[in-house]
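Welcome! Let's take a short walk through a protein structure together, one region at a time.

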Amino acid sequence: MMTRDKVEQAVHEVIGQILPGVTEIPGDKHLRELGADSVDRVEIILGVLDRLGVDEPMSSFSDLPNVGALVDFLWERAA
């Protein structure tokens, strides 16, 4: 079973790969606020989905307000 910490770690690792200048990833920030443009955001989501082995349409992620919500959403899907 996937823990929330593992999901959060995967999200942080992928964000760090796509946005190498980002050292802090607060849960209350949107990916845009971390400097991710629309292509970066797609790459981050696809990277995390691949890493977690989760199959979810991209449209599911459009209303997530911040990184914490992204982690929670993915954790629900990975469980």
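## The start of the chain

Our tour begins with Met1, which sits in the segment before α1. Keep in mind as you look that this is a predicted model. Is Met1 buried or exposed? Its relative accessible area is 90%, and anything over 50% counts as exposed, so Met1 is exposed.

Now find Ala78 in the structure. Met1 and Ala78 are 77 residues apart in sequence, yet their C-alpha atoms are 8.0 Å apart in space.

## How two helices pack

Two packed helices are described by the angle between their axes and the distance between the axes. Here, helix α1 covers residues 4–18 and helix α3 covers residues 67–78. They pack at an angle of about 125°, and their axes are 9 Å apart.

What do we call such an arrangement of α1 and α3? The two helices are oblique to each other. The crossing in which α1 passes α3 is right-handed.

## A stop in the loop

Next, look at the loop between α1 and α2, where you will find Pro20. Pro20 has a relative accessibility of 64%, so it counts as exposed. From C-alpha to C-alpha, Pro20 and Val39 are 15 Å apart in space, with a separation of 19 residues in sequence.

Our last stop is helix α2, residues 38–52, which contains Val42. With 36% relative accessibility, Val42 counts as partly exposed, because that label covers values between 20% and 50%.

Note on methods. Residues numbered from 1 in each chain as written. Predicted model: local features only at pLDDT ≥ 70, side-chain atom pairs only at ≥ 80, totals over all residues. Heavy atoms only, no water. Helix = DSSP H or I, 4+ residues; strand = E, 2+ residues; numbered from the N terminus. Buried < 20%, exposed > 50% of the residue type's maximum accessible area, 1.4 Å probe, protein only. Axes fitted to C-alpha atoms, helices over the stretch in contact; angles between N-to-C directions. Parallel < 35°, antiparallel > 145°, perpendicular 65-115°, else oblique. Left-handed = near helix turned anticlockwise from the far one by under 90°.
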